[in-house]
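Hi everyone, thanks for coming.

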Amino acid sequence: MHAVARSDLPTNSHASSFPRILVGLLLGLGGLIVAYQFGMNMHASTGLPYWDDWGYFFGAAQGVQQPLTFHSIFAKDSDHVAPFFKLLTHGLWQAIGVDFLAFRLVGWLAFAAMLAAYALVLLRDCVRSAWDAVPVAAAGLFLTGTLNNEYFYYQHMGLAQPIFFTCLFLFLHTLARGRLALATLFLLAFGSTGVFGASYALGAAGAGAVLALRQGGSWRERLDGRMLVAVGGGLLLTVAMLWMTFSGSYANHTGQPLVLPWHSGFWAFLLGAFATAAGLPVEAVGAPLSLAAGGAALALCLIPAAGLLLGCAGRENRNSALAIAGLIAGAVIVTMTTALGRAGLCGEGIANAMRCGTIPRYAYPVLLAFPAAVAGWTLLLGRRTGVGGGVGTIAGMVLVAALAVGHGAGTDTFWRHWSVAGLNRMVAERDAAAERCVATHLQSIRAPAGMDWSQPLVCHSASPRNIAPFLQAAYDLKAGFVQAILADAASRPEQGTLAALLRAGQLDEASARLRLDVPPRDGGLHGSLDRFVRLPSGSLAALGWAVDAAVPAPAAFVLLGVGDRIVATSPTGGARPDVAAVLKDGRMADSGFTLPVPPELAGQRVRLFVLGHDGGLKELTPPGGVAATP
C-alpha cells in the first residue's frame with residue numbers, strides 16, 4: 001500500500017514530500033490496524049461455519065458440493081451469488097477442503113486486498129496532488145473500524161463482499177489505465193455477483209453515459225474504448241444479473257411486502273444506513289438526529305458525484321469522475337435496492353425501518369463511498385477555486401473531521417470503532433453456542449444403527465435455517481469442526497448422560513423423575529421457564545434460563561419431555577444479563593435457553609428439566625407440567 005502512495009501522487013516540487021510521507025504513514029497505520037485485527041480475530045474463532053457458509057459448502061443445490069454444471073453455475077442461490085463467486089468458492093473448496101479457519105485466513109487476505117485496491121484507484125486515479133490525497137487516506141482509515149465492517153469478519157467466510165469490491169476497484173483502475181481487456185474481465189467478475197454487482201455496474205454505466213454525452217466532438221470521440229466498456233458492458237451485465245437474480249422471486253424471499261420509494265420506511269432505511277456509516281449510534285442519539293445526519297451524509301456524497309459529471313472538473317478528469325461518481329452511484333443504488341425488500345423486515349414504521357438500515361451489512365457499502373466522496377470534493381473545489389488543491393484539501397479535511405465527530409458521538413468513545421474485543425467476544429460466544437447446539441444434536445440422533453439424520457436442527461447462533469442436511473454432509477466428509485465437537489463431547493460426562501437420556505430415558509409420571517440411574521439434584525441447579533413464544537419462523541419455543549451454581553456456570557442442557565419421552569433438547573448460551581445481575585455473578589450471563597417445541601405438541605402439557613454438568617437433573621416445571629401455549 002505504501003507503493004500506492006509513492007507511485008502516482010502528482011508532484012513536481014520538494015514541498016510535496018511532506019504530504020507524500022503523511023499519506024504513507026496513514027496507509028501504514030491502516031495496515032497495522034488490519035493486521036492486529038486479523039491476528040486477534042483468528043485467535044478468537046474456532047472455525048465453525050456461519051450462516052450461509054453451511055449452504056455454500058454443504059448444500060447440494062448451491063453449485064459447490066455438487067459437480068459444477070452450466071445450470072448450477074447460473075442458478076441463483078440463497079445469497080443471490082451468480083457465476084464468479086460460485087466458481088471461486090468451488091476452486092477453494094477443492095484446494096482447502098473443509099477447513100473454515102483456512103477460509104477465514106483467505107477472507108482476511110481478501111479484505112486486505114480490497115483496501116489496497118481501493119487505495120490504488122483513489123490515490124492513483126482520483127486525486128490531483130499529494131495534499132489532496134491526505135484527507136482521502138484519512139477517510140480510508142474509517143474502513144478499518146471494527147464496528148463498521150464486522151460483517152466482513154464473520155459472515156460469508158469473509159470472502160464474498162471483499163472479493164467483489166476488489167474486482168470493482170480493479171475494474172475502475174484498469175479502465176482508467178486503458179487496459180480494456182483486463183477491465184472487461186474485472187467487470188464480469190464483480191458484475192456476476194447479483195444485485196450488488198448489478199448496482200455498481202449500473203452506476204458505472206450511468207456515470208460513463210453522462211460523461212460521454214458531455215464530451216465534445218463526434219460520437220466516435222465520445223464513445224472511446226473506455227466508455228464503451230463502462231457503458232455497454234455495464235448496461236448489458238446489469239440486465240443479465242438482475243434477470244438471474246430476480247427470476248424466481250429471490251428479490252423478496254423474506255415474504256415481506258415491498259417498501260417502495262414513496263413509502264416513508266424506504267427513506268428511513270436509506271438514511272439510517274448513511275447515518276450508521278457516518279458513525280452515529282442511532283440508539284444513543286435518537287431517530288431525528290440520525291435521520292438528519294443520514295440526509296446530510298447522502299447529500300455530501302451526491303453533490304460531488306453530480307458536480308463532477310456535470311461540471312468542468314469532471315470533463316477534464318474523466319477517469320476520476322467516472323470512478324468517483326460510479327462508486328457513489330453504486331452505493332446509493334444497492335442501498336435503495338436493499339431497502340425495497342428489507343426495509344419492512346424489522347416491522348412497520350419509520351423507527352423500525354431505520355433500525356434495519358443500521359445493520360452493518362447494509363451500511364458498509366455506504367461507508368465505502370465516503371473516501372470517494374472526499375476525493376470528489378477535493379477535485380471539485382480545487383478546480384472551481386483555481387488555487388490548485390489548497391481549498392479542496394481543506395474541504396476534504398473538514399469532511400474527515402465531520403466523520404470523526406460522528407464516530408465519536410453518543411455515550412461511547414471514538415475508539416470503540418477500532419476495538420476488536422467486543423467483536424472477538426461475539427465470535428467466541430457464537431462459536432461456543434454453536435458447538436453446544438451441534439454437540440447436543442449429534443448426541444440426540446445417535447442410534448445403534450447409526451445417525452438418524454431425519455431430525456431437523458436449528459442453531460440460531462450458527463444459522464436461522466435447518467442445518468441438519470448440511471451437518472450430515474460435513475459429518476460424512478469428516479469435517480474438522482465436526483471431529484473436534486465429537487472429541488470434546490466424548491470427554492464431558494453430561495454429554496454421555498444426555499445421549500443415554502435421549503436413547504432410553506423415560507419419565508415416571510408418579511415420581512416426576514426419569515426412570516434412569518441419574519442422580520437428582522435439589523441444590524445448585526436453578527432456572528425458570530419464563531414463557532412460550534412464537535419465533536419469526538412460526539415455530540413454538542420455550543424461553544427461560546438455567547444455571548449450575550455448583551460449577552458455577554450456565555447449566556449444560558435443558559430437556560423437554562412429554563408423556564414418557566424426551567422430545568427436544570437445547571443448550572444454554574442465550575444472553576441473560578438480568579440473571580447475572582440478580583445472582584451477582586457475571587459467569588451466568590449466558591444462561592438463557594430457547595428450546596424448540598415440536599409443532600405437534602403445541603397446546604399439550606410438557607415438562608422441562610435442567611441437566612447439570614455432573615449429570616444431575618432437576619425439573620423446572622411443576623410435576624404435572626405446563627401447557628405449551630404462547
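**A quick tour of the fold**

Let's start with contacts, where a contact means heavy atoms within 4.5 Å. Among contacts in this protein between residues at least 6 apart in sequence, 72% join residues at least 24 apart. Before I go on, some housekeeping: this is a predicted model, where local features need pLDDT of at least 70, side-chain atom pairs count only at pLDDT 80 or more, and totals for chains, interfaces and linings use all residues. Residues are numbered from 1 along each chain as its sequence is written, and side-chain values use heavy atoms, with hydrogens and water left out.

How many helices and strands are there in the protein? There are 26 helices and 13 strands. Those come from DSSP runs numbered from the N terminus, with helices being H or I of at least four residues and strands being E of at least two. Of the 630 residues, 54% are buried. Buried means under 20% relative accessible area, exposed means over 50%, and partly exposed is in between, using a 1.4 Å probe and protein chains only.

Now the inside. A nonpolar core here is a set of buried Ala, Val, Leu, Ile, Met, Phe, Trp, Tyr and Cys residues joined through side-chain atoms within 4.5 Å. The largest one has 130 residues, and Phe-58, Phe-169, Phe-370 and Phe-481 have the most contacts inside it. Helix H20, residues 360-385, gives the most to this core, with 14 residues. Take Phe-370: leaving out residues up to four places away in sequence, Phe-370 touches Phe-274, Ala-277, Ala-278, Ala-297, Cys-301 and Leu-403. There's also a second, separate core of 20 residues, which includes Leu-529, Ala-542, Leu-595 and Leu-608. As background, in soluble globular proteins nonpolar side chains tend to be buried together.

Next, helix H7, residues 130-140. Nine of its 11 residues are buried, so H7 is largely enclosed by the rest of the structure. Among the buried ones in H7 are Ala-130, Asp-132, Val-134 and Pro-135.

Let's look at how some helices pack. For the angles, axes are lines fitted to C-alpha atoms, for helices over the stretch in contact, and angles run from 0 to 180 degrees between N-to-C directions. Helix H5 (residues 83-96) and helix H6 (residues 100-125) pack at about 130 degrees, with their axes 11 Å apart. That makes H5 oblique to H6. The cut-offs are under 35 degrees for roughly parallel, over 145 for roughly antiparallel, 65 to 115 for roughly perpendicular, and oblique for the rest. Where they meet, Leu-92, Trp-93 and Ile-96 in H5 face Ala-102, Phe-103 and Val-106 in H6.

Our other pair is helix H14 (residues 264-277) and helix H19 (residues 350-357), which pack at about 40 degrees with their axes 7 Å apart. H14 and H19 are therefore oblique to each other. On the H14 side, the residues that meet H19 include Gly-265, Ala-268 and Gly-272, and on the H19 side they include Ile-350, Ala-353 and Met-354.

Now for some charges. A salt bridge is a side-chain nitrogen of Lys or Arg within 4 Å of a carboxyl oxygen of Asp or Glu. How many does a search of the whole structure find? Five. In one of them, Asp-530 pairs with Arg-576, with the closest N and O atoms 2.8 Å apart. This pair links distant parts of the chain, 46 residues apart: Asp-530 is in strand E5 (residues 525-534), and Arg-576 is in the loop between strand E9 (565-571) and helix H26 (577-583). Is Arg-576 buried or exposed? Arg-576 is buried, at 16% relative accessible area, while Asp-530 is partly exposed at 35%. Arg-576 also bridges to Asp-578, with closest N and O atoms 2.9 Å apart. Elsewhere, Arg-587 pairs with Asp-585 at 3.0 Å. Arg-587 is exposed at 53%, whereas Asp-585 counts as buried at 15%. Through shared partners, salt bridges join Asp-530, Arg-576 and Asp-578 into one network.

One last stop: Ser-192, in the loop between helix H10 (180-191) and helix H11 (194-214). Ser-192 counts as buried, at 6% relative accessibility. Ser-192 and Met-244 are 52 residues apart in sequence and 9.5 Å apart in space, C-alpha to C-alpha.
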